[in-house]
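User: Could you walk me through reading this model, one feature at a time? I'd like the general idea before each case.

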Amino acid sequence: MKDHYVCPICGKPGERSPRYPKYVCLDCATRAADKEGRGLAFGNVSISGGYAAWYQDNKEPYDSHICYVDGRTCWADEAHMGGIVVSIYDGPINEK
Ligand SMILES: [Zn+2]
């Protein structure tokens, strides 16, 4: 089935996104952490978008798009339609 999608982290079925074929589901995105395992949160800078990331514990800004979910390297970014999307990161983002 063409629209088949499962979360690359937990295997949960969901809606396929042609733009973000390797995005991780929202449940997994909430477990995103830095290299040391500190929890991260993501959001838009303003209503018009923009990417922002910060630590869950002290709200310190996190100055990177790279995050880790269950040991897998992921890339968080502003989603095309607003919000934040976290995808599996498997190499330089501009290589595709
Ligand atoms: Zn998942």
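Analyst: Two strands pair if DSSP finds at least two bridges between them; strands (E, at least two residues) and helices (H or I, at least four) are DSSP runs, numbered from the N terminus. This is a predicted model, in which local features need pLDDT of at least 70, side-chain atom pairs count only at pLDDT 80 or more, and totals for chains, interfaces and linings use all residues. Residues are numbered from 1 along each chain as its sequence is written, and side-chain values use heavy atoms, with hydrogens and water left out.

User: In strand 5, which residue is the bridge partner of tryptophan 75?

Analyst: Serine 87. Five bridges join strand 4 to strand 5, and the two run antiparallel. Their hairpin has five residues between the strands, with glycine 82 in the turn at a positive phi of about 95 degrees.

User: How do I read the core?

Analyst: A nonpolar core is a set of buried Ala, Val, Leu, Ile, Met, Phe, Trp, Tyr and Cys residues joined through side-chain atoms within 4.5 Å. Buried means under 20% relative accessible area, exposed over 50%, and partly exposed in between (1.4 Å probe, protein chains only). Here the largest such core has 24 residues, and Val86 is among those with the most contacts inside it. Elements giving two or more residues to this core include helix 1 (26–29) and strand 1 (40–43), while strand 5 gives the most, with three.

User: What does valine 86 touch?

Analyst: Contact means heavy atoms within 4.5 Å. Leaving aside residues up to four places away in sequence, valine 86 touches several residues, including Val24, Phe42, Cys67 and Trp75.

User: Which residues are the protein donors of the zinc ion?

Analyst: Donors are N, O and S atoms within 2.8 Å of the metal (3.2 Å for Na, K and Ca); water is not among the atoms, so sites may look incomplete. Here they are the SG atoms of Cys7, Cys10, Cys25 and Cys28, lying 2.3 Å from the zinc ion. Their spacing along the chain is C-x2-C-x14-C-x2-C. Cysteine 10, in the segment before helix 1, and cysteine 28, in helix 1, are 18 residues apart.

User: Why is the arrangement around the zinc ion tetrahedral?

Analyst: Four donors count as tetrahedral if all angles lie between 85 and 135 degrees. The angles here are 107 to 112 degrees, so the arrangement is tetrahedral.

Definitions and conventions: Four donors count as tetrahedral if all angles lie between 85 and 135 degrees; four count as square planar and six as octahedral if opposite donors are over 155 degrees apart and all others between 65 and 115; anything else is irregular.
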